[in-house]
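Reader: I have a structure open and want to learn to read it. Where do we start?

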Amino acid sequence: MNTISKLTMLYLTLFITTTVIGSILLYLPMTGRKSISFIDAFFIATSAFTVTGLSTVDIPSQFNDLGYLVIILLIQIGGIGIVTLTIFIMIFTRKNITFKNRELLMYTWSIDNDSGLLKITIHLVIFSFIVELLGALILSLVFIPDFGIIKGGFLSLFTSISSFNNAGFSLFSNSLIPYSNNFIVNIIVPLLIIIGGIGYIVIVDLWRSNRISKLNLHSKIVLTTTSILIFVGAISFWLIENNNTLKNDNWIVQVYKSVFQSVSTRTAGFNTVDIGQLHDSTLFIFDLLMFIGAAPMSTGGGIKVTTFAIIVAYLYAQLKGQKHTHIFKKSIMAEQISKAIIICFLSSTLIFLSTLIILIESPNLNMTKVLFETISAFATVGLSTGITADLTSLSKVILILLMIIGKIGVLIIVSIFIRPKKESYYYSSEKINLYVLLFFYFYHSYNPLVWFYTI
């Protein structure tokens with residue numbers, strides 16, 4: 001077994017072990033207000049640790065304060081990363097950091113060198129804690145007056161951690177719908193989601209650069225694509241839902257809801273509207289936003305905005321007959337283009353097969369809602385049309401697997417089963433005609449003489 005395979009197995013072992021421990025804790029009577037099946041406890045633990053937010057039970061009525069604490073710890077560990085947090089604790093307690101520790105950290109971050117690795121780890125964790133604390137302090141201006149210092153303070157901290165880590169878990173049965181017209185909630189929660197969703201690398205690059213033009217290519221792609229997707233998502237939501245879920249709101253609340261849902265849908269999972277009441281066309285747009293997701297090395301999921309941007313740039317270059325793919329006057333390596341296409345294809349295939357199996361298992365379910373659920377699970381978003389609790393045990397297991405694969409990464413999972421192999425030979429090439437049918441279609445359509453004789 002090579003080094004990469006060993007690191008993969010070690011990472012998976014840490015991941016699964018933490019999830020199982022969380023499941024056991026949530027299954028115990030001391031964390032719940034009532035009994036819960038182990039499959040549901042495992043589902044919630046997986047959803048929390050993968051910072052998804054999907055739930056098969058009503059969180060506020062199912063768990064007590066200790067249960068909330070277990071969930072928020074799973075979210076925190078999953079958001080920052082089990083390996084990152086472990087290394088941070090080892091640094092903080094002055095433990096010796098071995099080469100194997102560094103290798104595992106580099107592997108989880110997908111970087112090639114360990115230059116300044118420990119320093120970055122410290123900054124990342126401290127930055128996360130500071131942002132979450134600031135978010136909680138501001139949100140407490142809303143929740144403490146409503147619920148008192150202790151409960152309101154905990155609600156603020158829970159919501160802030162859940163937002164920054166793009167988890168989408170809420171201690172309200174109807175998410176943040178009661179605060180859909182609150183200015184602070186509609187500013188701070190999306191802001192926390194965006195900061196967590198663009199990733200620490202972009203934050204550092206923004207901090208070091210004094211103007212946008214000096215940002216590296218990764219940051220430019222993340223910020224540009226994120227801004228475009230938020231804008232397109234908000235406008236699309238408002239146009240479609242203006243006479244539906246938004247029809248009884250004034251224009252300010254409509255703006256709040258449109259922007260909030262556009263930001264949250266791509267990776268966080270909070271909602272200020274009833275998802276089950278949305279038009280199918282809105283759900284379809286949400287499917288696309290969730291599938292794209294957030295940035296690499298962030299708390300969000302999906303195929304990542306960089307993957308999406310590379311594929312779009314590649315298709316544009318091919319349509320124009322360009323030999324190289326460019327983004328912001330920088331050429332994209334062929335290897336990255338190949339990986340982007342593979343990720344998109346494998347992710348789409350996985351979602352398709354999962355949706356098919358769930359529909360076979362529960363033929364009475366609506367296909368649009370099942371597709372929405374599977375994409376939400378894979379992209380670790382957590383939005384639901386309300387069918388999660390009604391799924392069969394097999395369907396719940398499928399969603400659990402989707403959440404795990406979506407969090408770890410489809411390529412990492414595939415690498416366990418497929419070993420890289422160097423080619424020592426290649427076959428002779430032969431051209432395949434891809435445009436014959438298309439040619440005859442246009443020829444028969446636009447050639448009156450041929451069209452006449454065809455009749």
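Reader: Which helix does I138 lie in?

Author: First, a caution: this is a predicted model. I138 lies in helix α7, which covers residues 117-147.

Reader: Is I138 buried, partly exposed or exposed?

Author: Look at relative accessible area. Under 20% is buried, over 50% is exposed, and partly exposed falls in between. I138 has 34%, so it is partly exposed.

Reader: Now the inside. Which residues touch the most other members of the largest nonpolar core?

Author: A core is built from buried residues joined through side-chain atoms. Here the largest one has 100 residues, and I44, I59, F63, I71, I75 and F169 touch the most other members. Helix α17, residues 393-408, gives this core its largest share, eight residues. There is also a second, separate core of nine residues, with I221, I311, A313 and A340 among them.

Reader: What does I71 touch, leaving out residues up to four places away in sequence?

Author: I71 touches L26, I44, A48, I59, F63, F158 and F169.

Reader: One more residue. Where does I357 lie?

Author: Find helix α15, residues 334-361; I357 is in it. Its relative accessibility is 40%, so I357 counts as partly exposed.

Reader: How far apart are I357 and L157 in space?

Author: Go from C-alpha to C-alpha. I357 and L157 are 38 Å apart in space and 200 residues apart in sequence.

Key. Residues are numbered from 1 along each chain as its sequence is written. This is a predicted model: local features need pLDDT of at least 70, side-chain atom pairs count only at pLDDT 80 or more; totals for chains, interfaces and linings use all residues. Side-chain values use heavy atoms; hydrogens and water are left out. Helices (H or I, at least four residues) and strands (E, at least two) are DSSP runs, numbered from the N terminus. Buried means under 20% relative accessible area, exposed over 50%, partly exposed in between (1.4 Å probe, protein chains only). A nonpolar core is a set of buried Ala, Val, Leu, Ile, Met, Phe, Trp, Tyr and Cys residues joined through side-chain atoms within 4.5 Å. Contact means heavy atoms within 4.5 Å.
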